[in-house]
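Subject: Handing over a structure

Dear colleague,

I am passing on to you the structure shown below, and after it you will find an account of what came out of looking through it. Please read the two side by side.

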Amino acid sequence: MPSTFFGLNTAYTGLLASNAALNTTSNNIANVQTEGYSRQQVVQQASNALRVFQTYGCAGAGVETLAIERVRDEFYDYRLWNTNAKLGEYEMKQYYMQQLETYFEDNGTNAGFKTVFDQLMITGMQELLKDPSSDTAKSQFVGYAGALAEYFNGLAGNLEVLQKDVNQEIKLKVDEINSLAGEIASLNKQINTIELAGGTANELRDRRSLLIDQLSQIVDVEVSETPIVDTNNPDRETGANRYVVKIAGGQVLVDSSEYNGLECVARTSYEKVNQTDIDGLYEIYWEDGQKFNLYNASMGGQLQGLIQLRDGNNGENFTGQVVSVGTTNGGQQDTVTIEVGQAYLQDLNKCNLSDQGGIINLGNQEFYYDSWEFTISYDGQGNPVYSYTFTLSDSEKNANRITNDRVGKTASIGSSISYQGIPYYMNQMNEWLRTFSQKFNDILTSGYTADNENGVPMFTGNLATDDEQFDFPDDTRYDKFTYEDFLNNGALTVNVADDSYYRITASNFDVLEAMELDPGLLATKYDIADGVEQSDLLQDLKDMAYDKDKMSFRGCSAAEFLQCVLADVALNASRANTFYSSYSGVANTIENQRLSISGVDEDEEAVNLVKYQNGYNLASKMIQTLTEVYDRLILETGV
């Protein structure tokens, strides 16, 4: 049988429940503008009824306030995190591709390639064709050639600065990941401390979710939370949870209250991947020394966008098959020969291998190398065979020497990154300059000057170590090597240190210093017997620039270089803009859907305020009524 004061206790539970609901509503209203805050609600249930041994069976015992929980749908969290990863990636690409467009565009305020090239091959050439013997016209022509060299030097400098900026931002993003990981691990510990005591750490969970929101913009995240059970009694949950955050395709960043930090380590000049890479590009490692997989296709986020911009090579990294191993320097150093089948590796004009040594992967085993040679030979059927021979570093860098079991395995340098990043555009410039210089110089050296002297090349490159310029001997002319040459002289081998056209880059491209000092060295005719007014050689120079049959770059003429490269830049910029806009819209939609569930609605809370106030007032009135009843019963009723 229930107590005499059973009704008072029942009313009291209603008062407590309404008071908890009012306080929760107050908290919701106070946080209506708080970023990441989830609306909270009181979870109630009817108390267990008591048996009263009457005909009606049981009597209700009021209400129980079980918990104050946040209203959150994890489905929308996961959707937003996945979208944020794509949004962050294209945000970075959009920003930096706009800068690339600015560097390459040719307009009234920015004298680009077309302006400079037309000055050389149209304006300067026309004056020279009018009077091939004019020293003024020759000097002007050489000056325009110098302007072309300065344009590429400046453009290469801008791209190097851009690569440096991207590289620095990668470090900032890594530092931000570490900061967020540390905060998440700390929150995990605080949440478990509170929830082990039976509470629910709503505000702390909101703060943790907000940090994951921020982390998901930098890198793709995968979150899992599993209850920690008593090992002695698996059916009993302790109240604590194991919260694990993985990034970049499953690499663990946070595990409960512990996190695995990241650190950036600058590559040395000896570890460059691409010929045009600046020194000090960062590799990322876990704090335990394991290498972080930068090129994971599922990494996502701003970090992936930055990595692709910094290292993107359009999928054209060095790769081939090991065909033999050997030794050099009296057996002190190992060598490995690798055959290649890709067109971009069979032409040194398109090659972007580092000329300062690096790291080569031979069948999933890494070796340092000091230098390399490019060889063209022919097989028994007269088909060309292209190979590279790498001289591996000594034991100071390579702990193990190469063995014959590497033969037949795949060799690679760097990673295949299917995006047109800064290395790609640098290599496009280098390829055009090498091809153009070869064609241009070949025409000049096949003719004579007005003074009947042998023609000399105009375009060359500057050595980085001194003031000397490259000389291009015939035995390094891989572009002219034929099957007949092979039969007569054997295979052609070009060492990376030779003065080949491979050594010309947009950074060191220049006009021959002797020609700048004496423009009279410019050849103008083919036949030494012709007079000073002969200009057939000059006409061939002009035709070569605008006729794709005489010089072809990606199926276009030399003059159409800008259209080819700018088309790549514009396409990537447009793609970045389109996807950024698309994912931005999707992210906003998902965020609105999430807010419709977990966000605080002022009108709804105002209704709740009135509802819970009425409930509180009614419970209070019930207590007041029962108090009067008990007062009458105890004080005024006789026995």
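How many helices and strands does the secondary structure of the protein chain come to? The protein chain has 13 helices and 19 strands, where helices (H or I, at least four residues) and strands (E, at least two) are DSSP runs, numbered from the N terminus.

Please keep in mind that this is a predicted model, in which local features need pLDDT of at least 70 and side-chain atom pairs count only at pLDDT 80 or more, whereas totals for chains, interfaces and linings use all residues. Residues are numbered from 1 along each chain as its sequence is written, and side-chain values use heavy atoms, with hydrogens and water left out.

As for overall form, the C-alpha trace of the protein chain spans about 150 × 60 × 40 Å along its principal axes. The radius of gyration of the protein chain is 37 Å, while a compact globule of 639 residues would be near 26 Å; this radius is taken over C-alpha atoms, and the globule rule is 2.2 Å times the number of residues to the power 0.38.

Of the 639 residues, 46% count as buried, a term that means under 20% relative accessible area, with exposed meaning over 50% and partly exposed in between (1.4 Å probe, protein chains only). Among contacts (heavy atoms within 4.5 Å) between residues at least 6 apart in sequence, 71% join residues at least 24 apart.

Turning to the rings, a search of the whole structure finds 44 aromatic pairs. Rings of Phe, Tyr and Trp (its six-membered ring) pair if their centres lie within 6.5 Å, and planes under 30 degrees apart count as stacked, over 60 as edge-to-face and the rest as tilted. One of these pairs is formed by Phe-436 and Phe-459, which is tilted, with 5.7 Å centre to centre and 50 degrees between the planes. Phe-436 lies in helix H8 (residues 422-445) and Phe-459 in strand S17 (residues 459-461), so the pair ties together parts that are 23 residues apart in sequence. Phe-436 is buried, at a relative accessible area of 0%, and Phe-459 is buried with a value of 0% as well. Phe-553 and Phe-561 form another tilted pair, with 5.6 Å centre to centre and 55 degrees between the planes, and both of these residues are buried.

Lastly, Thr-24 sits in helix H1 (residues 6-30) and is buried at 6% relative accessibility. Leaving aside residues up to four places away in sequence, Thr-24 touches Gln-40, Gln-41, Val-42 and Ile-68.
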